[in-house]
Each structure stands twice: as C-alpha cells, then as structure tokens.
Amino acid sequence: MSDYRVGVVVGSLRRDSFNRHLAEAIVKLAPPEFSFRQLQISGLPLYNQDDDATPAEPVRRLKTEIADSDAILFVTPEYNRSMPGVLKNALDHASRPYGQSAWAGKPAGVIGTSPGSIGTAIAQQHLRNSLAYLDMPTLGQPEAFIQATEGLFDGAGNIGNEDSRKFLQNWMDRYVAWVKKHVDKH
C-alpha cells in the first residue's frame with residue numbers, strides 16, 4: 001500500500017485532453033510511496049444548494065474519494081481565461097454544505113497545459129483563489145504553465161522531451177515535499 005494517496009482532478013472532460021495526458025504523464029515522475037487516482041467529475045449535476053441535504057450519488061462518491069485522499073493534484077486547462085465550469089462545479093459540490101468541505105486541509109498542487117503561449121496561467125490563478133478560500137494549502141512555487149507543443153508527450157504517454165521532463169520532475173519533487181510537509185504519517 002502506498003504511503004501517500006493523491007486524488008487527481010482533471011478539469012477537462014475531453015477523452016483526449018492535453019491535461020488528461022499531462023496528469024497521466026506527471027504521476028509517473030513521483031516516487032513509489034505515492035499513488036494517484038483520478039477523481040471523476042464528469043457525472044456531477046450542476047451545483048444547487050437545494051440539494052445539499054440529499055446530494056446525488058456522484059457527489060457523495062466524489063466527497064468520499066476526496067476524504068480518502070491525503071492530497072489533491074489539480075490539472076486544469078484554461079477556458080475563456082478561467083478554470084473550466086466543470087472544475088468549479090466540482091469545487092462547489094465537495095465544499096458544501098457550508099462547514100462540511102471535503103477539500104479543507106488537503107494539500108494541493110496546481111498545474112496545467114494549453115496550446116497557448118501562456119499555458120494555463122490565468123486559470124491556475126483563479127483556481128488558486130478558490131483553493132485559498134477552501135483552506136487548501138497550495139504549492140506556490142514552482143509555477144508550471146506548460147505550453148502543449150508537438151513532442152510534449154511521447155508515444156508511451158511519458159513527457160517527451162528532456163527539458164520538459166527535467167522541469168516537470170523538479171515540479172513533482174517539490175509537490176512531493178509539499179505533501180509530505182502537510183500530511184502527518186506518524
């Protein structure tokens with residue numbers, strides 16, 4: 001059994017999403033005592049406070065998966081200069097009812113990729129604002145705004161070029177240290 005269980009939230013529903021590929025590739029850079037599980041956000045209904053007392057099954061499942069995770073890794077695209085609505089919907093569902101947030105206290109990492117030259121910088125900043133409110137200590141440095149270019153991923157789903165692999169290995173090493181700093185395993 002792994003010492004550290006990390007829930008991965010990919011902010012894109014697209015099957016062939018750059019960010020899904022990034023999530024699958026970057027977890028390979030973590031040490032063996034870390035395990036990663038992608039949390040499913042695609043089946044969540046739109047958040048409605050009227051449903052707080054009787055949440056839908058996908059909402060209950062998501063909150064359980066978050067509770068079973070020691071930390072969370074967010075991998076987000078950028079839609080219209082912000083985080084995708086499906087990601088914001090997941091944040092809202094798992095943080096409600098007020099005072100019963102599944103996210104609270106979970107150390108987080110934020111990363112993303114986009115074909116645009118600024119990567120997902122603005123989406124990540126909007127996400128970080130929400131995570132601060134949700135009481136999630138979030139790794140601040142290094143920031144990782146990855147431009148999805150030809151060769152970013154190889155045919156085996158790994159990071160395809162050496163410079164990107166080195167940069168992302170450093171990012172993962174810092175995230176691992178961040179999680180260990182915030183998760184008491186004694």
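Helix 3 gives the largest pocket the largest share of its lining, three residues. Before going on, note that this is a predicted model, where local features need pLDDT of at least 70, side-chain atom pairs count only at pLDDT 80 or more, and totals for chains, interfaces and linings use all residues. Residues are numbered from 1 along each chain as its sequence is written, and side-chain values use heavy atoms, with hydrogens and water left out.

Helix 3 (85-94) and helix 4 (121-133) each supply at least two residues of that lining; helices here are DSSP runs (H or I, at least four residues), numbered from the N terminus. A pocket is an open set of points on a 1 Å grid over the protein atoms alone, where a 1.4 Å probe fits, with protein on both sides within 12 Å along at least five of seven lines; lining residues have an atom within 4 Å of a point.

| Pocket | Volume | Nearest its centre |
|---|---|---|
| Largest | about 300 Å³ | Ser95, Arg96, Ser101, Tyr133, Leu134 |

Now for Arg20, which sits in helix 1 (residues 18-26). Arg20 is buried but has no salt bridge; buried means under 20% relative accessible area with a 1.4 Å probe, protein chains only, and a salt bridge puts a side-chain nitrogen of Lys or Arg within 4 Å of a carboxyl oxygen of Asp or Glu. Glu24, the nearest side chain of opposite charge, is 5.5 Å away.

Technical notes
Buried < 20%, exposed > 50% of the residue type's maximum accessible area, 1.4 Å probe, protein only. Lys, Arg positive; Asp, Glu negative; His and termini not counted. Points joined across faces, edges and corners; volume = space filled by probe spheres on them.
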